[in-house]
Number of protein chains: 2
Amino acid sequence: MSLVIIGSTALDTIETPFDRRERIVGGSCSYASLAASYFTKPKIVSVAGEDFPREIIKKFNKKGIDTRGMTLEEGKTFFWEGRYGQNPNQRTTLKTEINVFQDFKPELPPDYREADIVFLGTIDPELQLDVLSQVKNPQLTAMDTINLYIENRKKSLLEVISKVDIFFGNDEEVKKITQENNLIIAGRKMLEQGPSFVVIKKGEHGVIIVEDQFISGIPAHPCEDVRDPTGAGDSFAGGFLGYLDQVKSFEEKDIRRAAVYGSVMASFTIEDFGTDRLMTVTQSEIKKRYKEFKNLVSF
Amino acid sequence: MSLVIIGSTALDTIETPFDRRERIVGGSCSYASLAASYFTKPKIVSVAGEDFPREIIKKFNKKGIDTRGMTLEEGKTFFWEGRYGQNPNQRTTLKTEINVFQDFKPELPPDYREADIVFLGTIDPELQLDVLSQVKNPQLTAMDTINLYIENRKKSLLEVISKVDIFFGNDEEVKKITQENNLIIAGRKMLEQGPSFVVIKKGEHGVIIVEDQFISGIPAHPCEDVRDPTGAGDSFAGGFLGYLDQVKSFEEKDIRRAAVYGSVMASFTIEDFGTDRLMTVTQSEIKKRYKEFKNLVSF
């Protein structure tokens, strides 16, 4: 099968109570595709500027990521600056510069249009719709978003939601879209808007999947040293969909396992700044951590 | 085996966004012993005033709760008034009247002193210490507390903590005692103060158990209609310890299952006001819900 991922490739300046890093590689597409690359060979759709380090693209390719759908433009790469407090679930966005994404008109290579799975990573919903319309007959479509688009692009966002099979969102976002405080009811309300699966990411509290016939709950990996939470949600989605692309099946049991592999990849991401940890994970580390999740919830 | 529970028997006035109930039966001892009564025959230590409904004590006895350690005094029963917002995890205490607990000097009946398991439910830490000292040779001791005692009785509270095997606390309390935001590190810091197991209750996000050699995580039961969250934590502890008293074993696997039975009992409590739901649960409902927890985390 094949997995196409659209999202941002970005440079991020990140401050945590422990450290600060300037203009490191980030963006929803970078995290999601790196996480997915441990399960399949994702094809990415994105745009970067002249300041995006070219050796990173080579590293992406070495990881099996197909970058033919990524364009390099004159100008500056998408930039995000944020700060985390003592509670890693709370972050403040200090600056967002869209830069080369301003005029980005994605044009998918012909083989991308045959994708089986499409992941519309966090990016302007209009771009998500554009990419979705270019894929001929996907078997599974998924999306993620952020508060910014819930506030400023509600109409297009709801259109994307109505067209996808899986909605990934954090608890705050799902509550905001549905105006409902109980997460299970909120999840059911999201189902009414189109998706077959609503995957609610709760940071340190793990993940809930709400589907018509079942609910799945996975606690987060007990991490004692969260270095940088940036990209955890994107890595989750990348691991989730990469695994589904690998097993080529979307049954309940596959979706449940996908959530664990997503949690596994997110648990690695937060162990170091930016994409550093995702660059060095090994298959045996993934297997080991999957077993740790089994053990965590066993009774 | 036998389980002794000390805690409050109280009258509560509770307001939620949906309803209001005045002076209904509550208190940590009531919830914990009712939850435990589905697994064993708990013996309770408490005090109530003239306004405590006598037919409730008969109901306790019918449930197999031994009330010989409960005294009835002149004066008024412990009273608590609280209000919940849209988020059932957030509550405001409007009034607390200690009343007959002011001069309560518990005197345990002889057979209570032979207890195998002692649960020091939420109550003044001085009373917890007093009861603990009266039990000759318990095999397992556990405690719970609230913010009030962390703020006003820190010294005695730390003394209780140093003497028990299991500490039950919610996430906010554990963070407050340890001055640590990461719950896993906070749990480990609690272990250093004495207990062998730290059970962190996170309301709608479930429970984490931190022990020296293992960590267990159980999501909460996906409840779509939380009527009244009062007593969920006490019911959790009651189910947890009642189950251990029933199986007479404190191995890792027993502790993990105890956390699920605790979660099962808490999930019933929140379905109705006060102790109403705990009065009517059946063994087959408990079995069914236990299976639902298995299914929730299966992958």
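**Close-up views of a predicted two-chain model**

**View 1. Contact between chain A and chain B.** The contact is built from 25 residues of chain A and 24 residues of chain B, in a model that is predicted. On the side of chain A that touches chain B, the elements giving two or more residues are helix 7 (183-192), strand 13 (215-218), helix 9 (252-269) and helix 11 (283-297) of chain A. Strand 13 of chain A supplies the largest share of this side, four residues. By residue class, the side of chain A that touches chain B holds 11 nonpolar, nine polar and five charged residues.

**View 2. Relation of the two copies.**

**View 3. Four-stranded sheet of chain B.** The view shows an open sheet of four strands in chain B, with the order 3-2-6-7 and mixed pairing. Strand 3 (20-26) and strand 7 (91-97) of chain B are the edge strands, each pairing on one side only. From one strand to the next, the twist averages 20 degrees.

**View 4. Pairing of strand 2 with strand 6 in chain B.** Strands of a sheet pair through backbone hydrogen bonds, either parallel or antiparallel. Strand 2 (residues 10-15) and strand 6 (residues 78-84) of chain B run parallel and are joined by six bridges. Leu11(B) has Phe79(B) as its bridge partner in strand 6 of chain B.

Conventions: Residues numbered from 1 in each chain as written. Chains lettered and ligands numbered in written order. Predicted model: local features only at pLDDT ≥ 70, side-chain atom pairs only at ≥ 80, totals over all residues. Contact = placed C-beta atoms within 7 Å. Nonpolar A, V, L, I, M, F, W, Y, C, P; charged D, E, K, R; others polar. Pairing = 2+ DSSP bridges. Axes fitted to C-alpha atoms, helices over the stretch in contact; angles between N-to-C directions.
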